[in-house]
Amino acid sequence: MNTSLLTGLVLALACASASAGTHRLDDSQSHTTPPTAQMEWLPQTPGDRDGGMETWVRVHLHIDTRDWVGRSGRIYMVLPLDQASSIEAVWTTNGPLRSGRLVSGERALVWAGTIGADSLRDQMQVRLRSGPDWQSASRRLNFHFEFDTD
């Protein structure tokens, strides 16, 4: 199964087997609006003198679940830790997935139950925020989804 979530910058792909445990899900049909996002400086406030950077992006999710129909478990959104500054993602949803929050190096529960269809589709409004140590003109954020089977 391949997986990728184009959030802000690009899709990331990976493979996993169909045995019990944690499996990466294919979301290669997902896309963002706009296709790339520009981080902007946040205004400095008396309570937060360091500021930081922020952007908003809409993600049109299409997660392929056909290999898991009839299986129960939990789906997590994952943002791996990387060498650059930490990123916080906060999102709301319009469909079956849960709204939530995660920081680089974490995963957040977005769905639980028995998979009953070939795909999960939803739309997320995502706010991405970093500290003032953001240094790159472009950066790949390799969000992906994992399914933990019961």
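Author: We can start with the overall make-up and then turn to one strand. Keep in mind that this is a predicted model.

Reader: How many helices and strands does the chain have?

Author: There are 0 helices and 10 strands. Along the sequence the pattern reads β-β-β-β-β-β-β-β-β-β.

Reader: What share of the residues is buried?

Author: Of the 150 residues in the chain, 45% are buried.

Reader: And the surface, how much of it belongs to carbon and sulfur atoms?

Author: Carbon and sulfur atoms hold 47% of an accessible surface of about 7700 Å².

Reader: What about contacts between residues 24 or more positions apart?

Author: Among contacts with a separation of 6 or more, such residues account for 76%.

Reader: Which residues point which way from S10?

Author: His 144, Glu 146 and Asp 148 point one way, while Phe 145, Phe 147 and Thr 149 point the other way. All of them are buried.

Reader: Which sense does S1 pair with S10 in, parallel or antiparallel?

Author: Antiparallel, over 3 bridges; S1 spans residues 22-24. Thr 22 stands opposite Asp 148 of S10.

Reader: And S5, over how many bridges does that pair with S10?

Author: Strand S5, residues 72-79, pairs with S10 over 6 bridges, in the antiparallel sense. There, Ile 75 has Phe 147 in S10 as its bridge partner.

How values were computed:
Residues are numbered from 1 along each chain as its sequence is written. This is a predicted model: local features need pLDDT of at least 70, side-chain atom pairs count only at pLDDT 80 or more; totals for chains, interfaces and linings use all residues. Side-chain values use heavy atoms; hydrogens and water are left out. Helices (H or I, at least four residues) and strands (E, at least two) are DSSP runs, numbered from the N terminus. Buried means under 20% relative accessible area, exposed over 50%, partly exposed in between (1.4 Å probe, protein chains only). Contact means heavy atoms within 4.5 Å. Accessible areas come from the Shrake-Rupley method with a 1.4 Å probe; for residues, only the protein chains shown count as cover. Two strands pair if DSSP finds at least two bridges between them.
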